[in-house]
Structure formats: structure tokens, C-alpha cells
Amino acid sequence: MTYWRLFLFALLATFSTARAQEATQPGVTGGESLNKPSMAKHPPPACSDPKPDCAMTIYPAFDKKGLLWVAYSVGKTLYVASSQDQGKTFSSPTTIITLSDGIIDAHGDARPKIIPLNDNSLLVSYTTRPDKMMIGTIFTAKSSDNGKNFSTPQPMLTSDGQRFDSYVVTSKGRIFAGWLDKTHAAQAKAEGKEFAGSGVAFAWSDDGGMTFKGKNILMDHACECCRISAALGRDGLPVFAWRQIFEGEIRDHYAAKLSANGAKLIGGRVSNDDWAINSCPHQGPALAVDTKGVWHIAWFTKGKNRQGLFYAFSRDEGKTFSTPEKIGDDAHAPAFATLLATKKGLYRAWKEFDGAQTTIPIQQSSDGGKSWSAPQILASTTEASDHPILVALKGDVFLSWGTHKEGYRLIPLNLAKK
Amino acid sequence: MPRSPSLIYTFSLTLISLILMCGTGRSLEFKPYGRGDFDQIAHLREQRPRIIHYWSVTCPACIAELGQWAKFINERRDIDIIFINTDDDEDRERAALRLEKNGLSQATHYGFSDSFVEKLYYEVDKSWRGELPFTVLISANGPRVSVTGALDDPHFVAWLNQVNDVKK
């Protein structure tokens, strides 16, 4: 019994010490503890199988034969898989890499990507963040045997400090890349200077993504926590859109085309929302360029001049934009828009949440964005979900959406169902 | 069956050591935060002004002001401050390192343990889409306001002035 007494005494003494420590914590005094354990029921963790159903973010792309490719990560492993039946079933995944240090940037706006190229090869990109630092590095890997094997991933650049890469491929096979780059921010920090946000950098590859050249940071002070979007202009030059930090910490949007020599951005501010905020919206814009060369952009703001999800177009390559038009139902927190332009029309979809259910409404425009069809709910879920992405195959439009409960779905627009 | 004194002794000492390690060393711990938890946390110790602060390692503005939060905690012991890290589990270690580096190990921390983030945001504020830093300011036995932005945000400053006025 002596041993048990000793044990009980020590137990009581320890709890007393712990409570005393808690009571002396700054901001914590007696009474009900702030460390009260959570009583809510939490859902089970997502599955951990190497399949798209278990990924938090999924990036889809059709190759020119109509095969659907997806890049996704589960845990610290990056996979690629393909589907011959438009997402109903997938091939056994090919592992690109399993990280030993750090994580794959695959949360919200950030995600690995797969780009089917004109010569039937595949390019995969992903960003890693080491365990003890917040510096991202973009890696790429290539497959020339229909996704069976991929090259050992290589850093896309010789420097670190990148996030949110985005790509477009021209009809001649040139791959343009745009990303947020911390080079100038790191230089400023080393000199003890303040630097807001990231640079917006660009480069291109003429060897199928093996090497990228012409790296140039063409604009500084982009919001560093929101994705860049890219689309191919009618003239074969890439157009990019991102959230820019304007004078006074105003985080509104900018869209611009990269000049043919890659040395200049030509575009302008999308709207004057006047969102003056020192924060991370974690929500970058969506961009599409239609067959007439009109730029279409959708974005989220909580500015002084407008709040919510908005859409505008530019018929003069970014010199001017139409008056922003509100998207979605404000009562249902519309967010994370995706835009798609095909020969058949223009499409916009986004996420809404009513407190219990997440839905993906979609609208079509046949007049270049001047008017839109009534929203149609294309899919819904009552658990966690990825951002929606619209993809096209020969003019047919699909919603690519991963949801915790239903798994990965590729939903054709013409077979829309709730 | 007779108990073996040596076994009990070993068992007791092991347990004591473990408990003492937890009790006195107190490494940074994130309580799980999921659906339904905001309401519970918001109603803890309602007689005091409270701040519920959401942050992430992917938010440079959040990280930049962690040091200011540590200073604020020391200066304002009249206000309860609860930190909620919105990252996934795989970023939690990184979050802990940031907090420790900024002297916030001893504060109260929760971490998102529910990937249905839209629901978590909605429960806090129907207009919140996940932008950070995001802070809920709750007056003693009173209304609450939510603020997107850093500690120097005018809404935060105004709320603090209001708390100060009540104290007077």
C-alpha cells in the first residue's frame, strides 16, 4: 500500500502544480479554464489510400487524346493517375516523390499540377516547404512514357522562395510559367528593409519543361498568399492575374499579358475595391481568355467599395475592365470561383455554403460575359471539399471536384445533377 | 493473485515521471478544434473580455505579429486570449516552432482538426472565407465583433479602447 500512497501523492501534487501553472499564465486567471478540452465530435481523418478520393486538392487536365490526368498528394507523397472513362475509374497511381523533409504545398489555393504537352509527354510541378522554414521551392518532373515513369524531380529554378506557380502552353509547345517569388523580399530583409508581399516572376521553357529560362521578376508586391491564374491569349502570349498590394496595403487585383520577349507586363488594375488590409485572403483570382481575346476574371474582396465574389471582363487586354458584377448569393458565402472559356461559351462556377451544405453553382454566358444563365447547382456535399475547377474536353465542360464524403468527381455540365 | 511490490514501484515511478514531465515541462499543446467548438470557446469565462485569434503559418502577416501578441498578453492580463491555428496537422509542428520562437508557448492554443473549414469559418462569422489573421473580439458579457487584419487594425484598436473605458 505504501507504493500506491506514494503514487497517489505524486499524482495529486502534479495536478496541483499543473493547475497552479495554468492559473499564473498570462491572460489566464482562476475560474473556468480556457484549456477546456474540446467536446465537439470531430469527423474521422480523411482516407490515406494513394487515390484521388483521399486527396485534399486535385488538379485535373485532359490530354489531346481525351485522357484525364490528375495530380494530387496524399500525405507526403505526390501521385499522378489517369482516367479513360472521365473520372469514373483511375489507373494505378504513379508515385512522383515521397518527401523525407517538409511538406507538399497542397492546401486551398496551392496544389501540385499536371500539364499534358503537345508531344504527348507530361510535366508535373509541385512546391515543397521544408519542415523548419517557410520557403517554397518549385519542382518539376517529366514523363515521356505516358505517365508510367517520371524523371527525378528537379528544382525549376536555382533559387528558393517560390509559391503558386501557374502554366500555359502555346500551340507551338512553349510553356510559360508565372509564380510568386520571394527573391526581392529576401534581399530587402537582408538589408533590413521592409518589403510587402512577393514579386511576380515569369519564365518559359522550349524543351518541354526540362529547363526554364528568362526568369524575370516583373512586378513587386503581389499578395503572397493567393494563387496566380494564367490563361493563353489569342495571340499566343500568356495572360496572368493576381492579387496585388497597392499603395496603402490595398489588396486588389491586377491582370497583365507577358510581352513576346518576356521582359514586360502589359495590363492594368482590374477594379478599385479598396480592400486595405494587412492580411492573407488565401483566395486568388480566376482567369480565362475567350476565342475573341476577351479577358475574364473573377475574384473575392472585402473592400470598402464592394464585398463578395465578383466578375469583370476586359475587351482591350487589361487597359479597362467592365464594372464588377456580383457573383452568387452573399448569404451563402460565395467563394473560389473558376472560369472557363471554350468555343461554345463562357462558364463560371464557384463554391457556396449555407451552414450545412456546400454547393457548386454554375452559369453560362453566350455573349462574352455580358449576361449569364440562371445559376444551376452542379454538385453538393455536406463534408469537406476542394475548390472547384472547370475543365474542357473538345468543347464539353466538366466540373472537377474532390469531396471528403463522395470522393473525386468529374461532373459533365450536360448531365448536371444535385 | 499477490501483487509484486517491485512491479508496482516501477509502474508508479514511471507514471510519476511521465506526469511530472507533462506537468512541469509543458510542451506546446494544441487542443483539437472542430465543428461546434467556436460556440463553446466563445462562451468560456464570459465575465471577462476575450480574444479568439485565428492564424496560420501560411500567413506572413500572422507570423509577423506573433511577437506583438506575446507582448500584448503580458500587458493585458485582464483579457483572455485564445489562439487557434488553422493549419493542417502536417503544419502543426511548424506552427509550434513559430509560437515558441515568439514566446507564446504558455498561451492557450487550439488547432484545426476538422477539414470542413467552410463550416468552421461559418460558425465564427458567416462572411468569413478563411482570410487571416482573423480575430474575434468579445466584450465581457457583451457583443462580439470580428476583425480581418493585424493587431493595428482600427477595429481592434477601437474595441480595446472600449474595454479600457469599461475598466475605468
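Q: Hi! How many helices and strands does chain B have?
A: Hello! Chain B contains seven helices and six strands, where helices are DSSP runs of H or I with at least four residues, strands are E runs of at least two, and both are numbered from the N terminus. This is a predicted model, in which local features need pLDDT of at least 70 and side-chain atom pairs count only at pLDDT 80 or more, while totals for chains, interfaces and linings use all residues. Residues are numbered from 1 along each chain as its sequence is written, and chains are lettered from A and ligands numbered from 1 in the order in which they are written.

Q: Thanks. What pattern does chain B follow along the sequence?
A: Going along the sequence, chain B reads α-β-α-β-α-α-β-α-β-α-β-β-α.

Q: And what percentage of chain B counts as buried?
A: Of its 168 residues, 40% count as buried. A residue is buried if 20 or more other C-beta atoms lie within 10 Å of its own, exposed if 12 or fewer, and partly exposed in between, with C-beta atoms placed from the backbone.

Q: What share of the chain B contacts with a separation of 6 or more comes from residues 24 or more positions apart?
A: That share is 72%. Two residues are in contact if their C-beta atoms, placed from the backbone, lie within 7 Å.

Q: Let's zoom in on Y122(B). Is it buried or exposed?
A: Y122(B) is buried, because 21 other C-beta atoms lie within 10 Å. Its place is in helix α6 of chain B.

Q: Which residues does Y122(B) touch?
A: Leaving out residues up to four places away in sequence, Y122(B) touches A333(A), F353(A) and G355(A).

Q: Where is G355(A), then?
A: G355(A) is in the hairpin of β23(A) and β24(A), which has four residues between the strands, and takes a positive phi near 105°.

Q: What order do the strands of that sheet have?
A: The order is β22-β23-β24-β25 in chain A, an open sheet of four strands with antiparallel pairing; two strands pair if DSSP finds at least two bridges between them. β22 and β25 (376-381) of chain A stand at the edges with a single partner strand each, so one side of each has no neighbour in the sheet. From one strand to the next, the twist averages 20°, using axes that are lines fitted to C-alpha atoms (for helices over the stretch in contact) and angles from 0 to 180 degrees between N-to-C directions.

Q: Is strand β23 mostly covered or uncovered?
A: Mostly covered: eight of the nine residues in β23 (residues 345-353) of chain A are buried.

Q: How many bridges pair β23(A) with β22?
A: Six, in the antiparallel sense, with β22 covering residues 335-342 of chain A. A hairpin through two residues joins β22(A) to β23(A). Across this pair, A341(A) stands opposite L346(A).

Q: What stands opposite L346(A) in β24(A)?
A: S365(A) does. β23(A) pairs with β24 (residues 358-365) of chain A over six bridges, also antiparallel. R348(A) has Q363(A) in β24(A) as its bridge partner.

Q: What about phi of H221(A)?
A: H221(A) is not a glycine, yet its phi is positive, near 70°. H221(A) lies in strand β13 (residues 213-222) of chain A and counts as partly exposed, because 19 C-beta neighbours lie inside 10 Å. E317(A), another residue that is not a glycine, has a positive phi of about 55°. E317(A) lies in the loop between β20 (307-314) and β21 (325-327) of chain A and counts as buried, with 21 C-beta neighbours inside 10 Å. For background, most residues other than glycine have a negative phi.

Q: Last one: which residues have the most contacts inside the largest nonpolar core?
A: They are V124(A), A255(A), L287(A), I297(A) and A298(A), in a core of 143 residues. A nonpolar core is a set of buried Ala, Val, Leu, Ile, Met, Phe, Trp, Tyr and Cys residues joined through C-beta atoms within 7 Å. Not counting residues up to four places away in sequence, I297(A) touches several residues, including A241(A), H253(A) and A255(A).
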